[in-house]
Amino acid sequence: ATLQNPLAVGQYVNNCSHEKAANVCYQEFDVPGHFPVELKQYLPNIVYSHDIESHLRCVVLVTLRDIKQGEELFSNYYTVVS
C-alpha cells in the first residue's frame with residue numbers, strides 16, 4: 001500500500017505490447033560521488049562506508065512522456081538505453 005523505498009518502482013513495470021505502448025524506458029546511470037548520503041540507503045547492491053569511494057552503475061527508469069497518478073507503467077524489457 002505504501003512505498004518502503006521511493007526509488008524502487010521497477011517491480012511495478014510491465015512489458016509493453018502492441019496494445020499498450022511503452023511509457024518508460026531503462027537508462028544506465030553512473031551514480032555521482034556527490035550523490036546525497038541520505039539517499040544511498042535506497043540504492044541496491046551498494047557497499048557503503050564513509051571511508052570508501054566506489055563507482056556504482058544503476059539502471060533507472062526514465063519516463064517517455066508525462067505519467068498520470070495511478071497509470072500503469074510499460075517498458076520494453078529487452079531495451080536498455082546507454
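A residue counts as buried under 20% relative accessible area, as exposed over 50%, and as partly exposed in between. Arg65 has 42% relative accessibility, so Arg65 is partly exposed. The model discussed here is predicted.

**Overall layout**

The protein chain has one helix and five strands. Their order along the sequence is β-β-α-β-β-β. Of the 82 residues of the chain, 17% count as buried. The accessible surface of the chain comes to about 6600 Å², and carbon and sulfur atoms account for 53% of that surface. Among contacts between residues at least 6 apart in sequence, 82% join residues at least 24 apart.

**Nonpolar core**

Which residues make up the largest nonpolar core? The set consists of Val31, Phe35, Leu43, Leu56 and Cys58, five residues in all. Once its neighbours within four places in sequence are set aside, Leu43 is in contact with Val31, Phe35, Leu56 and Cys58. Cys58 is buried because its relative accessibility is 11%, which is under the 20% limit.

**Asn15 and strand S1**

Asn15 lies in strand S1, which covers residues 13–15. With its neighbours within four places in sequence left out, Asn15 is in contact with Phe74, Ser75, Asn76, Tyr77 and Tyr78. Asn15 and Tyr78 are 63 residues apart in sequence, while their C-alpha atoms are 9.1 Å apart in space. Asn15 has 31% relative accessibility and therefore counts as partly exposed.

**Salt bridge and cysteines**

Side chains of opposite charge can pair when their charged atoms come close. The count for this model comes to one salt bridge. It joins the side chains of Arg65 and Glu71, with an N to O distance of 2.4 Å. The distance is within the 4 Å cut-off, so the pair qualifies as a salt bridge. Glu71 has a relative accessible area of 26% and is therefore partly exposed, and Arg65 is also partly exposed, at 42%.

How many disulfides does the rule give? The count comes to zero. Cys16, at 23% relative accessibility, counts as partly exposed, whereas Cys58, at 11%, counts as buried.

**Accessibility of the residues discussed**

| Residue | Relative accessibility | Class |
|---|---|---|
| Asn15 | 31% | partly exposed |
| Cys16 | 23% | partly exposed |
| Cys58 | 11% | buried |
| Arg65 | 42% | partly exposed |
| Glu71 | 26% | partly exposed |

Definitions and conventions:
Residues are numbered from 1 along each chain as its sequence is written. This is a predicted model: local features need pLDDT of at least 70, side-chain atom pairs count only at pLDDT 80 or more; totals for chains, interfaces and linings use all residues. Side-chain values use heavy atoms; hydrogens and water are left out. Helices (H or I, at least four residues) and strands (E, at least two) are DSSP runs, numbered from the N terminus. Buried means under 20% relative accessible area, exposed over 50%, partly exposed in between (1.4 Å probe, protein chains only). Contact means heavy atoms within 4.5 Å. A nonpolar core is a set of buried Ala, Val, Leu, Ile, Met, Phe, Trp, Tyr and Cys residues joined through side-chain atoms within 4.5 Å. A disulfide is a pair of cysteine sulfur atoms within 2.5 Å. Accessible areas come from the Shrake-Rupley method with a 1.4 Å probe; for residues, only the protein chains shown count as cover.
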